[in-house]
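The report follows the structure.

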Amino acid sequence: PFHSAVAHFAFLHNLHVHAQYIDRAARLAASLRPSVAAISFYTETQASLYAREAAPGRHYLLVEGRSVWLQRFFSVPHCPQLAGVIAVVTDRPGSAERAKLMLAGADICLPGATLPGEVVAALSALARMERRLAVAGGVKP
């Protein structure tokens, strides 16, 4: 049977990966590469996303680090073109810390031990939610 190359990707939007420790960003990207169509590192792409009026496609951010570092990360303005943000918290934050991170800008908070499949599922959920909001608002998704 014929299968297109696209069928292997579970997430077809642009994913930007950032981490408290640089080597972790590369490892995260490598673990997600089989399931995500386009991955780049946020530190390299943030400026270009800001520079372009409307970068093509939807852009999502996966950021990993300890809760205190993530709080600082979300305290600075980030690219307004991001359609969704997932935070992977490597220490064991309580409910209050996770709530603070979501109020600060993370759409979904996942624990550090999260497997790639769960990250891809969370990204897909964010993309569905965005599509539903666009349809409900009468905007062409």
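Which strands does helix α3 lie across, and at about what angle does α3 run to β3? Helix α3 (residues 67-75) lies across β1, β3 and β4, and its direction is at about 140 degrees to that of β3. Angles run from 0 to 180 degrees between N-to-C directions, with axes fitted as lines to C-alpha atoms, for helices over the stretch in contact. Helices (H or I, at least four residues) and strands (E, at least two) are DSSP runs, numbered from the N terminus.

The model is predicted, so local features need pLDDT of at least 70 and side-chain atom pairs count only at pLDDT 80 or more, while totals for chains, interfaces and linings use all residues. Residues are numbered from 1 along each chain as its sequence is written, and side-chain values use heavy atoms, with hydrogens and water left out.

**Sheet.** Five strands form an open sheet in the order β2-β1-β3-β4-β5, with parallel pairing. Its edge strands, β2 and β5, each pair on one side only. Two strands pair if DSSP finds at least two bridges between them. On average, neighbouring strands of this sheet are turned by 25 degrees against each other, direction ignored. Between β4 and β5 there are four bridges in the parallel sense, and Ala87 stands opposite Cys109 in β5.

Buried means under 20% relative accessible area, exposed over 50%, and partly exposed in between (1.4 Å probe, protein chains only).

| Helix | State | Residues |
|---|---|---|
| α3 | buried | Ser67, Trp69, Leu70, Phe73, Phe74 |
| α3 | exposed | Val68, Arg72, Ser75 |
| α5 | buried | Val119, Val120, Ala122, Leu123, Ser124, Leu126, Ala127, Ala134 |

The buried residues of α3 fall within an arc of 155 degrees seen down its axis, so they line one face of the helix. That arc is taken from the directions from the helix axis to the C-beta atoms.

The cover over the buried residues of α5 includes β1, α1, β2, β3, β4 and β5. Gly138, with a positive phi near 80 degrees, follows α5.

**Cores.** A nonpolar core is a set of buried Ala, Val, Leu, Ile, Met, Phe, Trp, Tyr and Cys residues joined through side-chain atoms within 4.5 Å. The largest has 22 residues, and Leu15, Leu32, Leu62 and Ile86 have the most contacts inside it. Helix α5 gives the most to this core, with six residues. Another core, of 15 residues, lies apart from it and has Leu61, Leu70, Ala87 and Leu101 among its members. Beyond its neighbours within four places in sequence, Leu15 is in contact (heavy atoms within 4.5 Å) with residues including Leu32, Val36, Tyr60, Leu62 and Leu123.
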